[in-house]
Amino acid sequence: MTVLRPHAEDQYAEELALLAKDDDRHRPPGWKLSPWAVTTYILGDGDRVTPKYVGARRIVEVAVATLATDRALLLLGVPGTAKTWLSEHLAAAISGDSTLLVQGTAGTAEEAIRYGWNYARLLAEGPSIEALTPSPVMRAMAEGRIARVEELTRMPSDVQDALITVLSEKTLPIPELNREVQAERGFNVIATANDRDRGVNELSSALRRRFNTVVLPVPATAEEELDIVARRVTQLGRALELPQTTTGLEEIRRVVTVFRELRMGVTEDGRTKVKSPSGTLSTAEAISVLTSGIALAAHFGDGVLRPSDVAAGIVGAVVQEPVSDRVVWREYLETVVRERSDWRDFYRACREIS
């Protein structure tokens, strides 16, 4: 593939075809795979199907079971807990299409949920089905597919509420044409929302009732997070065709350790409390820091990932607020990192960048 980031259904087409071929379990109407096969696609089978999400199996099972009912799914969690990643792969496995996407922002208009108009045709011909521009949600309803709504709580409240009729009645009225679009079997909605956005545009109780909420936690253990980061960094390096580098697990472990300790406010041995910076220091950010480090090592170093390759990325991720976060970082560097005898090279690299 020549595209920078293939859609999940394209990138993992072989795995999806393999699962569909061997899938003899019940499939809900409109689904490409059975709920069991969808869960296997997400979590992997330890052999031919690679894991897309590393976490508790029950979380994925609840999410998949929700989509097999008439309730929509809301994936809730702090930044970097793979909400978007999971929603994309769920849509790919269930519908074979993860592209019916609405990106929520403060400027998202109601047309993104309902429909818009081709104004040239509207002026020339008047209201007609040909002049209507369907939203991703409308297309998903008409085709019996999964629609994805990202960052739901970033949308203005009146735009959010355009989903109420869609989710409760499974219809989308078009009063200008005196008609409606009724959802085909297989239609549902996966929305994501950020825990950090509480108070931005809270969901109304009427809308929240129409979702089943699944909270995606941060990785429970350092080893689990290390596995996620190492796996994803390898995948990204391959996808970006970065030159081959020697990626030592030690550097990955250091980055994960720094992020976890600053995020939780205590060192991994539980002996020293540390201040937390303003940022989230998510697993996704750790992956980004390490991917950038690999690029540095490959193009400007000796092909071996070293502390100097990840130091700048770590400082950039931690110091979001120039004053307060810099104080937090320097204190952590001097009281924690400096005292670790096997982290001397890492301490020098970070000190030099700081």
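Which residues does E251 touch, not counting residues up to four places away in sequence? E251 touches L290, L305, R306, P307, V310 and F346, where contact means heavy atoms within 4.5 Å. The structure is a predicted model, in which local features need pLDDT of at least 70, side-chain atom pairs count only at pLDDT 80 or more, and totals for chains, interfaces and linings use all residues. Residues are numbered from 1 along each chain as its sequence is written, and side-chain values use heavy atoms, with hydrogens and water left out. Helices (H or I, at least four residues) and strands (E, at least two) are DSSP runs, numbered from the N terminus.

- E251 lies in helix 12, which spans residues 249-264.
- With a relative accessible area of 7%, E251 is buried; buried means under 20% relative accessible area, exposed over 50%, and partly exposed in between (1.4 Å probe, protein chains only).

- Five strands form an open sheet in the order 2-5-8-1-9, with parallel pairing; two strands pair if DSSP finds at least two bridges between them.
- Its edge strands, each pairing on one side only, are strand 2 (101-103) and strand 9 (211-215).
- On average, neighbouring strands of this sheet are turned by 20° against each other, direction ignored.
- Over 4 bridges, strand 5 (residues 146-150) pairs in the parallel sense with strand 8 (residues 188-194), and R148 stands opposite I190 in strand 8.
- Helix 5 (residues 83-95) packs on the sheet and touches strand 1 (72-77), strand 5 and strand 8; its direction makes about 170° with that of strand 5.
- Helix 7 (residues 136-143) also packs on the sheet, where it touches strand 2 and strand 5, and its direction makes about 160° with that of strand 5.
- For these angles, axes are lines fitted to C-alpha atoms, for helices over the stretch in contact, and values run from 0 to 180 degrees between N-to-C directions.

**The antiparallel hairpin**

- Strand 6 (residues 171-174) and strand 7 (residues 179-182) run antiparallel and are joined by 4 bridges.
- P173 is placed opposite E180 in strand 7.
- The two strands form a hairpin with 4 residues between them, and N178 in the turn has a positive phi of about 55°.

**Helix 3**

- Helix 3 (residues 35-43) is mostly covered, as 7 of its 9 residues are buried.
- The buried residues are A37, V38, T39, T40, Y41, I42 and L43.
- These buried residues pack against helix 1 (8-11), helix 2 (13-22), helix 4 (57-67) and helix 5.
- G44 follows helix 3 and has a positive phi, near 85°.
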